[in-house]
Amino acid sequence: MYSTRPVKIAGMGYYVPPNVLTNFDLEKMVDTSDAWIQERTGIRERRLAGRGVTTSDLAKEAALACLKDADVSADQVDLIIVASASPDHLFPATACIVQHAIGARGAAAFDMEIGCTGFIYALATGAQFVASGMYKKVLVVGAECLSRLVDWSDRTTCCLFGDGAGAALLVEGEAGEGFLAFHLGADGSGGDLLSLPAGGAKMPASRETVDKGLHYIHMEGKAVFKFAVKIVDLAVTKVLEKCGRTPQDIGVLIPHQANLRIIESACARFGISKDRVMVNIDKYGNTSSASVPIAMCEAISEGRIKKGDLVVLVAFGAGLSYGSAAIIW
Ligand SMILES: CC(C)(COP(=O)(O)OP(=O)(O)OC[C@H]1O[C@@H](n2cnc3c(N)ncnc32)[C@H](O)[C@@H]1OP(=O)(O)O)[C@@H](O)C(=O)NCCC(=O)NCCS
């Protein structure tokens, strides 16, 4: 059933909640400083969903902005994929909640959970449905409320994450435009380095898990950092190889916004100057599977991505997982 139909992005949208939490606010909450956070991560502030606002609400706003950008109505959408490490519930799928919220009555809907790599995996999955001809319009959303999963007394993680959502609508394109290649991967041996230990089937929530804080994000920051530097290098190299391009061909690199030092290391490795990489970690922190689509939307609105540019997306995260995509815009 697989064919070679080209697949492109017909529109994009994002949403970040209005509440800003600055590093100076964090100084009042834990033993940290604006200087430490900026120097070690590049983050100055992040957005937090307000009381009662959740992942599906952010996803809905991003989805509606995306459909508006693509000039497509919700009832034309065939499939919704929501990538999230912080879904509203274990079930029902957040994608089903979004389907109802935006009025995409006829759309199939499912979630993907592969940590911060989620949006790239979801793009690759959604693109297969369009490439095969099974669906014509696939809405891919990355949405997170990680602020709900963070221990706000743990300075090693609470300064890193933020809330937000981004979305892309995938449709059939013309030859020579759209997705050229994807490269996806995982190394499950590193699963314990970044995890939410309790709340699933292995360790159901109990008084004990709550007392021990096992329902919060646990991360071995240094080990994840080392993995990230190595894997961004591999993921970008592989996706360029698959489409016969070189780092010099990259018009704009859109990396997952987890740590400015990881991004700078990739730029140094590939000889990518500041004007060819999108960085907005200073404003939003790590929004996990929302970070790549939010960065891409801002790159587009700032005029940094032009028609015909080779755009490379790259992300990594819990799993451990990684993925990259090459697109002719
Ligand atoms: C988390 C991270 C920023 C920590 O930076 P680091 O340079 O590795 O710092 P370390 O963990 O070695 O900690 C250095 C010191 O700073 C302290 N520290 C940690 N967090 C701190 C904070 N928010 N404020 C002040 N000090 C802090 C540590 O306790 C440690 O103190 P010690 O030397 O007295 O033990 C970094 O490891 C990182 O970004 N890792 C990757 C995370 C990531 O990308 N995760 C998401 C994947 S999708």
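**Ligand shell and domain contacts**

Helix H8 (221-242) gives the shell around the ligand its largest share, five residues; helices (H or I, at least four residues) and strands (E, at least two) are DSSP runs numbered from the N terminus. The model is a predicted one, in which local features need pLDDT of at least 70 and side-chain atom pairs count only at pLDDT 80 or more, while totals for chains, interfaces and linings use all residues. Residues are numbered from 1 along each chain as its sequence is written.

At least two shell residues come from each of helix H2 (34-41), H6, H8 and strand E12 (310-317). Around the ligand there are 21 residues, of which Thr32, Cys116, Gly221, Phe225 and Ala258 come nearest; a residue is near a molecule if its C-beta atom, placed from the backbone, lies within 6 Å of it. The shell comprises 11 nonpolar, seven polar and three charged residues, where Ala, Val, Leu, Ile, Met, Phe, Trp, Tyr, Cys and Pro count as nonpolar, Asp, Glu, Lys and Arg as charged, and the others, Gly among them, as polar.

Both domain 1 (7-175) and domain 2 (179-328) provide at least three residues of this shell; the bounds come from an automatic or database domain assignment. Taken over C-alpha atoms, the domain centres are 14 Å apart. Turning to the contacts, 44 residues of domain 1 meet 42 of domain 2, a contact being a pair whose C-beta atoms, placed from the backbone, lie within 7 Å. On the side of domain 1 that touches domain 2, H5 supplies the largest share, seven residues. That side divides into 24 nonpolar, 13 polar and seven charged residues.

Key
Two residues are in contact if their C-beta atoms, placed from the backbone, lie within 7 Å.
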